[in-house]
Number of protein chains: 2
Amino acid sequence: MATLYDVCKKTGLSTATVSRVINGSDKVRETTRQRVQRAMKELNYRPNQAARMLAGKKTDTIGVIFPEINNGFYAQVLRGIDDATRESGLHLLTSFYHSPNELKGALQRLAAGGRTDALVLMNIGLSDQQIQSQIDDDFPIVLIGHSAETSTAFDVVGIDNAKGAYHAVRHLFELNRENLILLTGPADNFDSTQRLEGARMAFSDAGKDFSTVTLLEDDFTYEGGKRAMETFLSGKKPLLDAVFAFNDPMALGVLDALQEAGYSVPEDVAVIGFDDNEIARHIGMTTVHVPMRDVGYEAATLAIRRKDENTRHPSTITIATSLVKRRTTGET
Amino acid sequence: MATLYDVCKKTGLSTATVSRVINGSDKVRETTRQRVQRAMKELNYRPNQAARMLAGKKTDTIGVIFPEINNGFYAQVLRGIDDATRESGLHLLTSFYHSPNELKGALQRLAAGGRTDALVLMNIGLSDQQIQSQIDDDFPIVLIGHSAETSTAFDVVGIDNAKGAYHAVRHLFELNRENLILLTGPADNFDSTQRLEGARMAFSDAGKDFSTVTLLEDDFTYEGGKRAMETFLSGKKPLLDAVFAFNDPMALGVLDALQEAGYSVPEDVAVIGFDDNEIARHIGMTTVHVPMRDVGYEAATLAIRRKDENTRHPSTITIATSLVKRRTTGET
DNA sequence: TTGTAAGCGTTATCAC
DNA sequence: GTGATAACGCTTACAA
């Protein structure tokens with residue numbers, strides 16, 4: 001592999017000058033620049049990244065830490081992050097974890113030792129404190145889907161849960177559905193809480209009594225959604241003409257439970273989910289679309305900016321959501 | 001950030017000795033080792049990776065290049081690669097591309113400049129020659145899903161297309177289906193060709209005449225599958241009791257076309273796909289399962305081994321596939 | 001078992 | 001505009 005020094009020898013210039021043209025400095029005579037570039041091409045010279053990092057104290061890479069990446073949902077986020085980093089000519093160091101311990105290990109390996117310039121953390125269940133304790137104090141970090149609306153220490157990118165839920169409920173009202181079931185996630189889940197709040201607002205804006213709704217709670221899984229619905233339907237005189245499940249897997253469970261119980265969708269019961277995942281799209285389920293690619297893109301952009309000018313206060317970006325009307329609420 | 005030198009000062013030892021304990025050499029007295037480790041802990045010392053790379057000429061990172069990562073399918077592969085690299089204490093540098101040009105750029109950025117020790121390339125449509133021209137001659141590369149069974153230059157990890165198709169067809173025979181439709185991918189597609197060969201073998205092993213099958217061809221998409229099926233069904237006297245589509249998206253298209261035409265599955269027509277993607281699992285479609293995580297894991301393992309001992313001939317690993325029987329072939 | 005010292009390939013600060 | 005030269009933080013012969 002050719003080195004900077006080889007280029008110097010070939011051109012008769014110093015390392016300083018050659019380095020300048022590599023880094024696009026304007027303090028180089030045009031003819032000199034061209035001479036250097038030709039030499040680099042002829043030698044097939046590629047700057048050694050390790051040396052650049054060591055001397056320049058920057059890695060030109062962003063680290064990403066994800067929980068397991070089984071579904072296409074996280075893949076979308078990763079895609080957005082990749083788009084942003086590539087546009088800036090940066091690299092992406094990824095790491096997945098399956099346990100809290102692995103997460104801490106990943107944090108240290110990526111943040112310490114100068115392997116990355118900034119970190120994007122997806123959906124991690126760690127407090128600001130816990131994160132801080134693992135890493136250097138002013139290391140740039142961006143959180144996606146933090147468990148609180150904002151963080152006093154880090155940038156946060158989240159989605160507009162409330163607005164999504166608001167529009168979902170309003171759509172149900174427009175369809176003249178009166179007996180709504182809200183199937184929420186775990187009570188201590190931040191997203192679920194926000195979605196519930198959005199739903200409540202839709203009720204009050206419509207002048208309806210929120211206490212008329214049936215609130216069901218489960219664990220955000222297909223099985224949970226199905227189980228919750230079955231239990232409800234097997235009760236005495238179940239009254240319903242619409243279900244709004246707070247994520248798509250639960251909504252799919254609801255759909256199957258409904259079908260097995262002989263209800264038809266959307267005639268008897270309208271169903272709305274939240275996420276807009278691959279299956280929802282395929283079967284034509286009305287749901288709240290969450291633009292995961294955009295979430296990733298914004299998070300990475302934030303990380304990149306902060307690595308360059310780590311001065312400003314932590315900011316929070318909320319990505320808009322939108323209702324996608326499909327078959328399960330009567331759209332054709 | 002504390003440096004090696006700080007640890008030396010604190011312990012009164014030389015850089016050589018401290019470096020030895022960092023790298024787990026056994027040529028260090030046990031008491032010394034402990035002294036060093038305590039000092040490192042107290043100083044919260046983390047080796048600077050750039051310096052290690054520069055001095056040691058290895059990066060401890062594997063590079064991965066993927067085509068777009070929209071679906072959960074590639075995500076599985078990535079997951080497998082991550083598992084393997086993490087087990088070996090290595091890092092993962094990922095890069096996605098959306099055009100051939102981006103691919104070449106990615107190849108150079110990851111392989112040149114000593115950013116990675118080895119590369120895993122997923123499903124790239126480049127010839128050995130084209131790859132070689134972009135990178136250093138003996139840079140370790142592992143190909144996943146190469147367009148030919150083997151490569152003379154690189155390691156290849158592929159899936160057992162033929163066996164998967166073989167079992168799919170045999171299953172149809174067991175169900176006494178006689179009028180099979182095979183919906184293949186593009187004729188020049190390697191996977192499709194292999195699957196077709198497997199199907200043909202099932203016919204000859206069963207003593208059946210392969211020329212009795214109806215061969216349809218399309219482009220591996222949902223729309224393509226649906227269109228192909230609709231065209232066939234609208235022909236005069238369509239005769240069929242089973243369809244084997246060579247991937248899941250097309251099979252899903254077939255299913256919808258069948259339904260719209262009033263056929264019932266599996267009573268009138270049995271349907272089998274290939275891939276076992278998320279949607280296939282959800283709707284209960286019989287299909288050939290492709291263990292993508294394993295594919296990724298094996299590929300990464302190969303890459304890791306080759307970076308350490310780049311001597312042996314390129315090898316080819318074929319990952320087994322298996323038929324998953326579900327509702328669309330009458331399984332309950 | 002431990003220490004000395006020469007790189008590794010850049011960047012960046014001064015001079016000129 | 002260009003050139004010396006000192007870092008950057010580590011690994012690794014080679015000596016001791």
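Student: What makes the contact between the side chains of Arg79(B) and Asp83(B) a salt bridge?

Tutor: A salt bridge is a side-chain nitrogen of Lys or Arg within 4 Å of a carboxyl oxygen of Asp or Glu. The N to O distance for Arg79(B) and Asp83(B) is 3.5 Å, so the pair meets the definition. Please note that this is a predicted model, in which local features need pLDDT of at least 70 and side-chain atom pairs count only at pLDDT 80 or more, whereas totals for chains, interfaces and linings use all residues. Residues are numbered from 1 along each chain as its sequence is written, chains are lettered from A and ligands numbered from 1 in the order in which they are written, and side-chain values use heavy atoms, with hydrogens and water left out.

Student: Where do Arg79(B) and Asp83(B) lie?

Tutor: Both belong to helix H5 of chain B, 4 residues apart, about one turn of the helix. Helices here are DSSP runs of H or I with at least four residues, and strands are runs of E with at least two, numbered from the N terminus. An α-helix has 3.6 residues a turn, so residues three or four places apart point the same way.

Student: Why are Arg79(B) and Asp83(B) called buried?

Tutor: Buried means under 20% relative accessible area, exposed over 50%, and partly exposed in between, with a 1.4 Å probe and protein chains only. Arg79(B) has 14% and Asp83(B) has 8%, so each is classed as buried.

Student: How do you know that the buried residues of H1(A) line one face of the helix?

Tutor: In H1(A), residues 4-11, the buried residues are Val7(A), Cys8(A) and Thr11(A). Viewed down the helix axis, they fall within an arc of 105 degrees, so they line one face; the arc is that of the directions from the axis to the C-beta atoms. On the other side, Tyr5(A) and Lys9(A) are exposed. The buried residues pack against helix H2 (15-22) and helix H3 (30-43) of chain A, where contact means heavy atoms within 4.5 Å.

Student: What makes Thr59(A) a buried residue, and with which side chain does the side chain of Thr59(A) make a polar contact?

Tutor: Its relative accessible area is 5%, and Thr59(A) is therefore buried by the threshold stated above. The side chain of Thr59(A) makes a polar contact with that of Asp117(A) at 2.9 Å. A polar contact is a pair of N or O atoms within 3.5 Å; within protein, one must be able to donate a hydrogen and the other to accept it, and residues adjacent in sequence count only if both atoms are side-chain atoms. Thr59(A) sits in the loop between helix H4 (49-56) and strand E1 (61-67) of chain A. Not counting residues up to four places away in sequence, Thr59(A) touches residues including Met53(A) and Arg115(B).

Student: What is the area buried between chain B and chain A?

Tutor: The buried area is about 4,200 Å², of which carbon and sulfur atoms give 55%. Buried area is the accessible area (1.4 Å probe) that two parts lose on being put together, summed over both. In contact are 46 residues of chain B and 46 residues of chain A. The two chains share 2 salt bridges; Glu102(A) forms a salt bridge with Arg86(B), with the closest N and O atoms 3.5 Å apart. The largest share of the side of chain B that touches chain A, 8 residues, comes from H5(B).

Student: Why is Asp60(A) called partly exposed?

Tutor: Its relative accessibility is 22%, so Asp60(A) falls in the intermediate class. The phi of Asp60(A) is near 55 degrees, a positive value in a residue other than glycine.
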